[in-house]
Amino acid sequence: MPGNDVERLAGPSHPDKVLYPQDSVRKQDVFDYYRATSGVLIAHARGKPVTMRRFPDGIEAGGFFQKEASKHFPDRVPRASVPQRGGGPPVHHVLVEDEETLLYLADQACLEFHIALSTVDDLERPVLAVLDLDPPEGVDLATLRDVVRRMCDRMTDDGLAPHLQATGGKGFHIAAPLDGDLGFDEVRSRMRELAERAAADDPDRLTTEQRKNKRGGRIFLDINRNAYGQTMIAPYSLRARPGAPAATPIDLGELGRVTPQSYGCANMARRLAQKTDPWSELH
C-alpha cells in the first residue's frame, strides 16, 4: 500500500537479490545508485514520459520494456496520458518527478529509464535532437572518438549546440537542445540531412543504412530517435549490461579518456562528487 511504499524508501525489498550476476551487484546496490544520482537524473527526466526496462530476476534472466504504468503502482507515482499515433487508447507513462518515484521504480527492478524527447507540455515538439553513433564490432575506439568529434563539429556548424553522452552501451549520443518551435518531422528531416551529408563525405567509415547487413562494418549514424513516441536512454540511467555501466554525460574534452562504459554503478557517485553535470543547461 502507499504508506508501506513510503516506509520502504529507506531500502528496497529483497535487498540481497542479485541483479547483475557477473558483478555481484544486488538490488540494494541499484537502489543506492539511484538514490545517489536522483538529483541529476530527475532533472533530465522531469516532464518527459518514461519507458521502463525492468529485470525482476536479474539481467541474465531477461527483462522487458514497459510503457503502461502497472495497475499496482501507488497513486502517488505520477503518470502522463500519451496519445498513440494512429489511434488506440492512450498510454499512461510514468513520470519520474521526484526521488520517491525513482526509488519506488528501482525497487520494482527498473534498471533502465528511457525518456521521450518531448515533454508533456507539448508532446508533438521535441526539446532535444539526438544523433546515436552506433559502431559495429571491430571499430576501434580511436576511430569512434574521431567520428564523434567530427559530428560535434558538424552539428555546431549547423547551428546546434552538441552535448555528448557515453551511452553505457556500444557508442555515444550527441544531443542538442531545441527551443520547441519545430515538430518531430521537421527535426528528424534536419538530422537526416546532417547524417547523410556526413556519410557522403566519409563513406568508408559512416553509413545511414538501416539494414545491418548493408552497413559493411561502418559506424551507423542513427537519427531514428527523433520521432514521436521514440526514446533515448536517460542521462545517468544504468544499463542492463555486465559491469552495471550507466549513460553518462561528458564534456568533449573528456572524450580522449572516456569509453562508452567508463562510468556506472561502481564509480558514478564519486564522479558526481567531483564534477558538475555537463548537461546541466539542458533542463
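Student: Which residue takes a positive phi in the hairpin of β9 and β10?
Tutor: In this predicted model, G168 does, with a phi near 80°, and five residues sit between the two strands. Strands here are DSSP runs of E with at least two residues, numbered from the N terminus.

Student: How many bridges pair β9 with β10?
Tutor: Four, in the antiparallel sense, with β9 covering residues 163-166. Two strands pair if DSSP finds at least two bridges between them. A166 has F172 as its bridge partner in β10.

Student: And which way does β8 run against β10, parallel or antiparallel?
Tutor: Antiparallel, and six bridges join β8 (residues 128-134) to β10. L128 is bridged to P177 of β10.

Student: Is β10 mostly covered or uncovered?
Tutor: Mostly covered: five of the six residues in β10 (residues 172-177) are buried. Buried means under 20% relative accessible area, with a 1.4 Å probe and protein chains only.

Student: New topic: T37. Where is that one found?
Tutor: T37 is in helix α2, residues 27-45; helices are DSSP runs of H or I with at least four residues.

Student: Why does T37 count as buried?
Tutor: Because its relative accessibility is 0%.

Student: What is T37 in contact with?
Tutor: Leaving aside neighbours within four places in sequence, T37 is in contact with Y236, M268 and L272. Contact means heavy atoms within 4.5 Å.

Conventions. Residues numbered from 1 in each chain as written. Predicted model: local features only at pLDDT ≥ 70, side-chain atom pairs only at ≥ 80, totals over all residues. Heavy atoms only, no water. Buried < 20%, exposed > 50% of the residue type's maximum accessible area, 1.4 Å probe, protein only.
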